[in-house]
Amino acid sequence: MKVLASAPAKIILFGEHSVVYGKPAIAAAIDLRTYVWASFNEKRAIKIEAKDIKVPGLTVSFSENEIYFESDYGKAAEVLSYVKQAIEIVRDEADKNGKGITVSITSQIPVGAGLGSSAAVAVATIGAVSKLFGLELTPEEVAKLGHKVELLVQGASSGIDPTVSAVGGFLYYQKGSFEELPVVELPMVVGYTGTSGSTKELVAKVRRNLNDMPDVMQPIIDSMGKVVERAKEIILANYDSRIKFELLGKLMNINHGLLDAIGVSTKGLSDLVYASREAGAIGAKITGAGGGGCMYALAPGKQSEVATAIRIVGGMPMITKISREGVRIEEVVE
Ligand SMILES: Nc1ncnc2c1ncn2[C@@H]1O[C@H](COP(=O)(O)OP(=O)(O)O)[C@@H](O)[C@H]1O
Ligand SMILES: C[C@@](O)(CCOP(=O)(O)O)CC(=O)O
Ligand SMILES: [Mg+2]
């Protein structure tokens with residue numbers, strides 16, 4: 001038997017990093033997905049084929065009649081740790097420790113770009129392997145296991161990414177619980193710097209800054225929480241969309257400044273944020289952990305101008321839509 005499952009990327013609209021400290025955040029699943037095939041193998045081993053992920057330290061060289069692989073195995077194992085933990089957690093859940101599993105991954109999501117590739121690969125793996133074992137998990141149960149995977153690999157995780165990836169749609173999230181928000185059509189442009197940041201390292205950097213200067217840092221985290229509460233009120237209010245976008249854009253700009261203050265912006269991200277605002281975006285901010293990766297802009301009536309501005313300063317614009325669907329079984333081959 002073979003099972004194919006998929007799970008979406010996400011963008012965090014408001015509240016990344018502060019969500020790790022128990023504040024709320026708002027995020028949406030988007031229409032880029034990771035696909036995972038899972039099957040049993042006879043060798044009682046975990047075999048992972050990650051076809052499109054680049055592992056620094058893995059070098060392949062060719063000579064006339066030989067191919068050499070030079071690998072930093074520690075690094076390769078670290079990169080595959082989300083997938084390995086996801087498989088092990090489901091095997092434990094099914095009480096089938098030691099059963100051989102092969103997974104094969106393809107993904108549309110840029111890695112380390114703040115779009116939740118780690119959560120999507122964990123959630124899709126959990127979806128595929130649990131189906132293989134005949135476990136009927138709800139999206140909420142898949143989300144809880146995905147959160148466990150992120151905690152094991154990263155040391156710290158709010159759980160927002162696996163929850164949005166498993167459940168889909170537009171969510172207000174706090175401390176393991178979520179509310180679905182009405183899906184508002186937001187005229188967004190996502191801008192990718194082309195560089196990446198490691199969530200594990202960025203979350204650790206914020207933690208260090210907080211430990212070093214709690215009197216300065218804690219009020220910033222608290223303000224981020226207030227930004228999210230105001231944003232939720234605006235999303236739910238009966239304003240016309242022009243006023244809604246104006247107010248949300250202001251809050252995005254404040255949230256970006258606060259993220260810069262806690263140390264997760266880069267020159268590349270700032271360039272994309274300011275170029276977007278100058279091209280007419282009402283708001284622009286980092287999305288995800290930062291340190292590289294992506295920002296997004298709110299640009300009603302100006303999406304193509306903002307996309308062009310992002311390209312001019314060296315970024316890659318992406319026009320994305322909110323995806324209502326979270327984890328999904330695509331195919332079962334008996
Ligand atoms: N297609 C994939 N195959 C295997 N592992 C992946 C894949 N995509 C992402 N990952 C894992 O997720 C890590 C990146 O996660 P993270 O630092 O949280 O950034 P983000 O979630 O924003 O992309 C990668 O280093 C790798 O371990
Ligand atoms: C920084 C954080 O708030 C979001 C990280 O998202 P991503 O891995 O950069 O896509 C961490 C978390 O919520 O666990
Ligand atoms: Mg991640």
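The face of α10 turned away from its buried side carries Ser304, Arg311 and Ile312, which are exposed (over 50% relative accessible area, against under 20% for buried, with a 1.4 Å probe and protein chains only). This is a predicted model, in which local features need pLDDT of at least 70 and side-chain atom pairs count only at pLDDT 80 or more. Residues are numbered from 1 along each chain as its sequence is written, and side-chain values use heavy atoms, leaving out hydrogens and water.

**Confidence**
- The protein chain has an average pLDDT (the predictor's confidence in each residue, from 0 to 100) of 93, and 94% of the residues score at least 70.
- For the complex, the predictor gives an ipTM of 0.99 and a pTM of 0.95.

**The buried side of α10**
- Helix α10 covers residues 303-312, and Val306, Ala307, Ala309 and Ile310 are buried there.
- Looking down the axis of α10, you find its buried residues within an arc of 160°, so they line one face of the helix; the arc is that of the directions from the helix axis to the C-beta atoms.
- An α-helix has 3.6 residues a turn, so residues three or four places apart point the same way.
- The buried residues of α10 pack against β9 (188-192), α9 (267-278), β11 (294-298) and β12 (316-318), where contact means heavy atoms within 4.5 Å.
- Just after α10 comes Gly314, with a positive phi of about 100°.

**Charges over rings**
- Lys2 has its charged end over the ring of Trp37, 4.5 Å from the ring's centre (the rule asks for NZ of Lys or CZ of Arg within 6 Å of the ring centre and within 35 degrees of the ring normal).
- Arg277 places its charged end over the ring of Tyr274, 5.0 Å from the centre.

Conventions: Chains are lettered from A and ligands numbered from 1 in the order in which they are written. Helices (H or I, at least four residues) and strands (E, at least two) are DSSP runs, numbered from the N terminus.
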